[in-house]
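These are my notebook entries on a structure that I went through site by site. I set down what I looked up and what I found.

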Amino acid sequence: MYDPVPPDSPARRIGAWALIAAAVGVAAVAFGYVGGWLAPQRLTPDKLIDQFQDNAGTFAGYRRNHAKGVCVTGYFDSNGRAQAYSTAQVFAPGRTPVVGRFAIPGSNPYAPDSSVPIRSMALRFALANGQQWRTGMNSMPVFPVATPQAFFAQLQAQRPDPATGKPDPTKLAAFFAAHPETAAFRAWAKTAKPSASFATESYWSLNAFVFVDASGKRQPVRWRMTPEATDGDAGSTGGADYLAADLAERLTQGPLRWHLQVTLANPGDPTNDATKTWPDDRRTIDAGTLVLERTEPQDSGPCRDINYDPLILPAGIAASDDPLLPARSAAYADSYLRRTSEEAHLPGSAAPSAETKR
Amino acid sequence: MKAATNTFTLAARVLHWLMAAMILAMLFIGVGMVASVSARHEWLLAIHKPLGIAILILAVVRLAVRLRHPPPPLPADLPVLQKLAALASHWLLYFLMLAMPLIGWAMLSAGGYPVMLGASLRLPPIFPTSPVAFAVLRHLHTGFAMLLFLTFLAHMGAALYHGLIRRDGVLSSMTGRR
Ligand code: HEM
Ligand code: HEM
Ligand code: HEM
């Protein structure tokens, strides 16, 4: 087998043990650093989601943001016009089934519908080839911040003061002073009123994406859904949950429709900054009609267990260099794991009885 | 040269070192991506899935090689407890290198995600969609990854112990250098 080795000197033995300890130690420390446990200053998905919970409380089983919403189902009817820019099967003429969700931002699933002027639409297109396109859109033309770090700082500034139950105005003012990029959003928010209906709103992708055509050419785009219903008015018919009721009522009269408007960037238009709109003269194509036919409550409907991660994309649509996109993908995954763990009643996950507001 | 009995076959050695690099990379990629909100999260995940499936395929090949060519015997003078530990940890490593990618694949299936290995390459689901199963499998993916890393630390420590302290030919049975 092997030649017996002469016994070692004690010094050599100690040296060998030190080497082994060093090898194991270096591997363990490197792992701890890469995994973030030894790098506490790094912004992680966990920290973002903890901050949502810190601000509003933990509502077991619900999304950590856009917690209040309803499921919808229907289909997308493509007219083929986007096919010149993207090979995604969803843009070939014909229908693609859709499971969607309307919601309002905020972590409290019991918040009154009038508490924020923003509504959201999330969609999952199930393509015939088994690929999927998921998108989450908000009813505003610009996002307040451009980076996940600024988003985190904004969440921290919005944390309610335990004494008043409201965000500390001096902290908010300090945040806005340090983040002039929020100006366009704040100007919009000054005049925005909570709408009485999901059906009359436009929903913007805000983040830029990239369409890829059959020759591999990349075209940066943003999209929005514009409604056919225009009888919108601000303010509500009273109550806290008028949006779901209005939607159900409208759907009894027939399906609701939106047009998918895809805006093509010119070279040089910013794709990494959701606080900036693109000039109005950019070419926009109407790619087809979204037809929503049914609505169901979110606790029993098909949208409950869907993570509307904006980076679940089919071939033909790719992410842009917008830094919010990977942050959303990572944070939504964390939120999804927490809420599914709560549905599964796994040990360590929040129990339904913990639905208390801090 | 008694290479035939003292060392692992060439195929076993190549597979061992190739997969050691791949699996270690996967562990670091995995913990690195879930701790990041930057673009790193995306491109690491884009490597993680196809690399994990490649490990699954290689692990099956490796198991076949292992069953066909038994490994060289451990030194006769190795204490029974250490022999048992070596045997148990090796089978644990084989189990985990098969289980980890299968769990990764199954958890994405259970979460209702399309299992995309590239822009258009998609694997079929291997588990029905279920949020409860997703949560259990996703936690299992983390738990087994930590177990795999700890087993690797012990494995590397033991290999170096054989190579530097006992100098009994176990390390060289895998490096191939005599
Ligand atoms: C870094 C910035 C952002 C963070 C950390 C964040 C965080 C979150 C979280 C945790 C959820 C719940 C996910 C789930 O459990 O399924 C969510 C939902 C949502 N977010 Fe964001 N978000 C960010 C930026 C944006 C932007 C830029 C948009 C713009 C369109 C957006 C639109 C939505 C929509 C529409 C939903 C609801 C999805 C649904 O109905 O399931 N978010 N967000
Ligand atoms: C040898 C194989 C594999 C190893 C060692 C491995 C390791 C890991 C590790 C260490 C994590 C981080 C866990 C945490 O800290 O929570 C992770 C996450 C993950 N892995 Fe794997 N993995 C493997 C195979 C796969 C495969 C084949 C897939 C899918 C096809 C997959 C999909 C994922 C996903 C989706 C995540 C979570 C990403 C997120 O939540 O943002 N893994 N993996
Ligand atoms: C620095 C890294 C590593 C070193 C120095 C190392 C060294 C060795 C040595 C010397 C053996 C032979 C043991 C014997 O004679 O029975 C071995 C076997 C083995 N190694 Fe590693 N290894 C390393 C990393 C890994 C990794 C990352 C894995 C996979 C997870 C792994 C999996 C295995 C397995 C399964 C065996 C058993 C082979 C069999 O008996 O069929 N090794 N390793």
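Predicted model: local features only at pLDDT ≥ 70, side-chain atom pairs only at ≥ 80, totals over all residues.

The entries below cover a metal site, a ligand shell and a set of paired strands.

**Entry 1: the iron atom of ligand 3.** I first asked which protein atoms are donors to this iron atom. I found NE2 of B:His16 and NE2 of B:His155, lying 2.0 Å from the metal. I then located the two residues along the chain. B:His16 belongs to helix H2 of chain B, residues 10–34, while B:His155 belongs to helix H5 of chain B, residues 131–166. The two histidines are 139 residues apart, and I recorded the pair as a link between distant parts of the chain.

For reference, I noted that the ideal angles for six octahedral donors are 90 or 180 degrees.

**Entry 2: the shell around ligand 2.** I counted 23 residues around ligand 2, and listed B:His41, B:His48, B:Met107, B:His141 and B:Thr142 as the closest. By class, the shell comprises 14 nonpolar, 7 polar and 2 charged residues.

Which helices supply at least two residues each? I found H2, H3 (39–68), H4 (80–110) and H5 of chain B. H3(B) gives the largest share, with 7 residues.

A side-chain N or O atom of B:His48 is 2.8 Å from a nitrogen atom of ligand 2. For B:His141, I again read 2.8 Å between a side-chain N or O atom and a nitrogen atom of the ligand. At B:Thr142, the ligand atom is an oxygen, 2.8 Å from an N or O atom of the side chain.

**Entry 3: strands of chain A.** I turned to strand E2 of chain A, residues 94–104, and found 8 of its 11 residues buried. E2(A) pairs with strand E1 of chain A, residues 68–78, in the antiparallel sense over 11 bridges. Within this pairing, A:Arg101 of E2(A) is the bridge partner of A:Cys71.

E2(A) is also joined to strand E3 of chain A, residues 120–126, by 6 bridges, and these strands run antiparallel. Here I recorded A:Phe102 opposite A:Met121 in E3(A).

Notes. Residues numbered from 1 in each chain as written. Chains lettered and ligands numbered in written order. Heavy atoms only, no water. Donors = N, O, S within 2.8 Å, 3.2 Å for Na, K, Ca; no water. Helix = DSSP H or I, 4+ residues; strand = E, 2+ residues; numbered from the N terminus. Near = heavy atom within 4 Å. Polar contact = N/O pair within 3.5 Å; in protein donor to acceptor, adjacent residues only side chain to side chain. Nonpolar A, V, L, I, M, F, W, Y, C, P; charged D, E, K, R; others polar. Buried < 20%, exposed > 50% of the residue type's maximum accessible area, 1.4 Å probe, protein only. Pairing = 2+ DSSP bridges.
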